[in-house]
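Work through the two exercises below with the model open. Each task is followed by a stepwise solution.

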Amino acid sequence: MTPDYHTHTNFSDGISPHYSYLSQAHYSCIDELGFSDHFSILDSHWSVRNDEIIEMHERIEAIKHMENLPVQVRFGAEIDYIPGKEKKIRQLIRTLPLDYVIGSIHFLGSWNFDTDPMSFEGRNIDDLYDIYFTTVRKAILSGLYDIIGHIDLIKKFGHYPSTDPSHWHKKIIRSLKQMNSVVEVNTNGLNKPCREMYPEEKFLEACFHANIPVTLGSDAHQANQIGQYFPKAKEILKRIGYRQLATFHKRKRTMQPF
Ligand SMILES: [Zn+2]
Ligand SMILES: [Zn+2]
């Protein structure tokens, strides 16, 4: 059973419409396709507009009711975690009949750090890692999310700390354990300057040893990216020892062999 739970359509910053993802998902041997467009309580040009939420939901419902669907379809969302705004985020989540919620960090303060590599200039990378992973921990402990998205995104443009990052990973894993959260294995990092999945393999190994469940996401922004690098990701997961992936329906988790 192979899910792809992280995809963006033209309702947020993807370029393909919902329908075009179906045949590609089938072609890429995906069994369960989750649409997870961006939602944010902060202003961002890459999130679903408030006045389009109903139309987007109707689009997904229409697909779910199609005959001969080649894949199971799930309604997800990738929702920014903003410290101190938990109540507002919870209200937003309540308005959507979601199968799962991915929590992601794209903002540190008001800085949308993952859009412009030049914006890292002059910043202290060790401090950024500290702030980033502290925010990830808060996101996990907020209990708002089923899945934590691209958990080490701070490495996206190839910036690495001067010390071994495992001390941050340990703290994160303790919080994941405490909140019974799922880690997303996001293959889109392989397209970015960091040239590796999120999370890095050492982090994933530590997750496995702590019994942290994982699921898969391509972070596709167009149909031909559905399931990108999944054979490689599954090979790495199997080598580490994983045999099951987390799937969601109406925010209830089921573990399935892959
Ligand atoms: Zn993201
Ligand atoms: Zn995404």
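Buried means under 20% relative accessible area, exposed over 50%, and partly exposed in between (1.4 Å probe, protein chains only). This is a predicted model: local features need pLDDT of at least 70, side-chain atom pairs count only at pLDDT 80 or more, and totals for chains, interfaces and linings use all residues. Residues are numbered from 1 along each chain as its sequence is written, and side-chain values use heavy atoms, with hydrogens and water left out.

**Exercise 1.** Locate Thr-9 and decide whether Thr-9 is buried or exposed.

Step 1. Thr-9 sits in the loop between strand S1 (3–4) and helix H1 (18–27); helices (H or I, at least four residues) and strands (E, at least two) are DSSP runs, numbered from the N terminus.

Step 2. Because its relative accessible area is 0%, Thr-9 is buried.

Step 3. Leaving aside residues up to four places away in sequence, Thr-9 touches Gly-14, Ser-16, His-18, Tyr-21, Phe-35 and Asp-37 (contact means heavy atoms within 4.5 Å).

**Exercise 2.** Which residues are the protein donors of the zinc ion (ligand 1)?

Step 1. Donors are N, O and S atoms within 2.8 Å of the metal (3.2 Å for Na, K and Ca); water is not among the atoms, so sites may look incomplete.

Step 2. Glu-78 (OE), His-106 (NE2) and His-150 (NE2) qualify, lying 2.1 to 2.2 Å from the ion.

Step 3. His-106 lies in the loop between strands S5 (100–104) and S6 (107–108), and His-150 in the loop between strand S8 (147–148) and helix H5 (166–179), so the pair ties together parts 44 residues apart in sequence.

Step 4. Glu-78 also bridges to the zinc ion (ligand 2), and the two ions lie 3.3 Å apart.

How values were computed
Chains are lettered from A and ligands numbered from 1 in the order in which they are written.
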